[in-house]
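User: I would like to go through a protein model with you. Could we take it one piece at a time?
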Amino acid sequence: MIEEMRIRGLGVIDDAVLPLGAGFTAITGETGAGKTMVVTGLGLLLGARADSGAVRAGASQASVAGVWVVPPDGAVSDIVTDAGGELEPAGDSAELYVSRTLTTEGRSRASVGGRAAPAGVLSSLAEELVVVHGQSDQLRLRSAAAQRDALDRFGGDAVADALGTYGAVFARWRALDAEIADLVENRDRRAEEAARLREDLAQIEALDPQPGEDRELNERAERLANAEELRVAASVARGAISSEEGEPDVSALISEARRALDRVTDPQLTEIGTALEDLGYRAADLALQLSGYLADLDETGPHELAAVEERRAALSVLIRQHGSLDEALALWGSGSARLAELDDDGDRIERLQAEAAQARAEVDAAADALTGLRTAAAERLSAAVSEELHALAMPDARLVVEVAPGIESTHGRDDVAILLAPHPGADPRPVSKGASGGELSRVMLAIEVVIAGVDPVPTFVFDEVDAGIGGAAAIEVGRRLARLAERAQVIAVTHLAQVAAFATNHLTVVKASGGAVTASSVRRLDGEEREAEMARLLSGLPDSDAALTHARELLGLSTAPN
């Protein structure tokens, strides 16, 4: 439940703190005082779309902050933790701090559990924390989807599990059906792909390319194309190191230097002589390597260059077709599996068709089971809501929840319609056609009261749920809100004393004028102040003796046993 809410700079509200808490909170006030801004502020905390026009005139921003009392573990805790926020321990429960700021430029910032969060996180929390009903929600009750959702909520875990099972098998059947359609529709394209792939694999197999072969061939071709220049360079280098024609060379000079040092005795010169000996060995080794290089050049010729160029040309065709030699080799590694898959299309379609037939049977069975559970739940919901309507000053009304065959979808294949017969002998008609605004308000409230018994919601918010009613009907609406508050927190914006009388917490939005600017604040009412507000709601005269007497009578009625 929401323990407290603070609103700043929103509409006509300058700065107001709303102490809420458990039970039934009624919010009243004069027309234009800003009662609706309370619901607007709560909507902002729940992720509703931010409207910069709601920022109070003269203010740079509006802000709403709320403290929720929530379980320390469960869905709410998981959402907050995933958003990076934290819950504050509070005995057996926990406190969640949520805020939303809106600027005149239309920018919006939200905070959940002390951490900045997108508005979507607030919307996820709203699904776990609160149900809001206003005039627009009454209109939504006219939609088939809303009526189906109401029935499914009443059906509880049994309907939810059946709907989950149906959704899973329906999704699997749709996926199989789509895969079969794709295979059949694209059979020719896949056959062409298989032919191309078979040709590509044959070409790669025939060439048998090796990893890095293209780079090695490029180096080899470069070497062969410059063979004469390479031969001259290697010959000159070998002659300088070791000449066979008696010319002075490095090896001879090193040998002469070493013999000169061998004739004398000195430790330092001996060490240098050893180094010269090693240098001589190294020079001989280099001369041998150069001789081998020259021999290899002599053995190669134009015929080898032609063979290299021919191999390079064959690989270049492969590279142009596949982008690179590595990609061609990758295709060689994976192409066989893909070709087997493409060649298996006929058998695969048959296997998929068998799987789809089995999935279709599972869909039919799951849909039938869901329809059966919905039908049974519809009978119970019809009886329970009709009984509630009798207590809401509609003694002859009869509500019928009808489950009929409909178009198959992810929600099943049932059309759910809520029908109302407001008078004896009247045929049940869809609430979208046969219910007035006041009747629709009571139908909606009756449904919520009944559903709350099997699908509890922590907090209900009603924005003028009493629109279009009065007198005895209004008293029963107040009584039912009080009954609902026994299982959940109830917050109701109302203009009827008959409803407010049943509240355990009465707040009023007070309008004050400061020059040309009107501001509102919120006060909790008790005792004589509450009686005066009730009298104002009844007659518009807070000091009227008759109205005060009536107010006290209503307050007494609200505390009397049902």
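User: Which residue is the bridge partner of Phe-462 in β14?
Analyst: In this predicted model, Phe-462 has Ala-492 as its bridge partner in β14. Strand β13, residues 459-463, pairs with β14 in the parallel sense, over 5 bridges.

User: How does the chain cross from β13 to β14?
Analyst: The chain passes through helix α16, residues 471-484, and this β-α-β crossover is right-handed.

User: And which residue stands opposite Val-490 in β14?
Analyst: That residue is Phe-24. Strand β3, which covers residues 24-29, also pairs with β14 in the parallel sense, here over 4 bridges.

User: Which residues are on each side of β14?
Analyst: Gln-489, Ile-491 and Val-493 lie on one side, while Val-490 and Ala-492 lie on the other. Both faces are covered, and all of these residues are buried.

User: Changing topic: how many helices and strands does the protein have?
Analyst: There are 19 helices and 16 strands. Of the 562 residues, 42% count as buried.

User: What about the radius of gyration?
Analyst: The protein has a value of 44 Å, whereas a compact globule of 562 residues would have one near 24 Å. Along the principal axes, the C-alpha atoms fill a box of roughly 140 × 70 × 45 Å.

Definitions and conventions. Residues numbered from 1 in each chain as written. Predicted model: local features only at pLDDT ≥ 70, side-chain atom pairs only at ≥ 80, totals over all residues. Heavy atoms only, no water. Buried < 20%, exposed > 50% of the residue type's maximum accessible area, 1.4 Å probe, protein only. Helix = DSSP H or I, 4+ residues; strand = E, 2+ residues; numbered from the N terminus. Pairing = 2+ DSSP bridges. Right-handed = clockwise from strand over helix to strand, strands pointing away. Rg over C-alpha atoms; globule rule 2.2 N^0.38 Å.
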